[in-house]
Amino acid sequence: MSKTVLLGVGGGIAAYKACFLASRLVQKGVAVRAVMSAGAQQYVGALTFEGLTGHKAIVSPTQIDPDGSPPHIAAARAADLYVVAPATAGVLARLAAGAADDAVSLLALTCRCPLLLCPAMNDAMWLAAATRDNVARIQARGAHFLGPVEGHLAEGYDAIGRMVEPEAILARALQLLGVQA
């Protein structure tokens with residue numbers, strides 16, 4: 001039985017890693033549909049994900065697919081797993097608040113499948129009390145977290161906040177899907 005992953009992409013420099021993840025999931029036989037925030041589209045284009053996955057990216061909460069259906073309903077129903085990578089501080093804040101003002105947070109509300117969040121931000125944002133509160137609130141709702149890890153950040157120094165590498169996300173996603181690596 002084929003599995004389907006929605007891949008939410010937040011607006012951080014680590015968005016480029018989501019391209020590799022999408023490709024690797026497809027190579028494993030998993031159907032992937034990207035869900036992109038406006039910020040993510042400043043780093044990586046929707047066409048990149050469409051080329052890697054063969055599916056139109058969801059880029060707006062008001063988007064209508066060519067068949068006339070709103071993708072946040074059909075895609076949410078079809079999803080076996082929703083992975084958000086990178087899950088920026090802004091994404092985490094919207095998820096904690098239950099907001100639906102962008103495609104990534106809207107799909108988090110409409111999906112009934114497991115949610116895997118892969119945070120990516122600088123150490124100050126990750127360690128901020130507001131972010132810690134948001135993470136606790138999201139975890140209390142049953143979401144899975146992977147990372148962040150210590151490593152070289154976009155700001156030019158090493159600290160906690162780096163998104164885990166795509167291969168680690170792939171392994172965890174396959175585990176949550178019950179698919180052999």
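**Exercise 1. Find what covers the buried residues of α6 in this predicted model.**

*Solution.* Start with the helix itself: α6 spans residues 103–110. Helices (H or I, at least four residues) and strands (E, at least two) are DSSP runs, numbered from the N terminus. Next, pick out its buried residues, which include Ala103, Val104, Ser105, Leu106 and Leu107. Buried here means under 20% relative accessible area, with exposed over 50% and partly exposed in between (1.4 Å probe, protein chains only). Now look at the cover: it includes the strands β1 (4–9), β2 (31–36) and β3 (81–87), plus the helices α4 (71–78) and α5. Contact means heavy atoms within 4.5 Å.

A word on the ground rules: residues are numbered from 1 along each chain as its sequence is written, and side-chain values use heavy atoms, with hydrogens and water left out. Since this is a predicted model, local features need pLDDT of at least 70 and side-chain atom pairs count only at pLDDT 80 or more, while totals for chains, interfaces and linings use all residues.

**Exercise 2. Describe the largest pocket.**

*Solution.* First, the volume is about 350 Å³. That is the space filled by probe spheres set on the grid points, which are joined across faces, edges and corners. Second, the lining has 21 residues, with Ile13, Ala14, Ala120, Met121 and Ala154 nearest the centre. Third, α1 (15–27), α5 (89–97) and β7 (158–162) each give two or more residues to this lining.

**Exercise 3. Check how the whole chain is packed.**

*Solution.* Count the elements: nine helices and seven strands. Then take the burial: buried residues make up 50% of the 181 residues. Finally, compare the radius of gyration, taken over C-alpha atoms, with the globule rule of 2.2 Å times the number of residues to the power 0.38. A compact globule with 181 residues would have a value near 16 Å, and the chain's 15 Å agrees.

Definitions and conventions: On a 1 Å grid over the protein atoms alone, a cavity is a set of points where a 1.4 Å probe fits but cannot get out, and a pocket is an open set with protein on both sides within 12 Å along at least five of seven lines; lining residues have an atom within 4 Å of a point.
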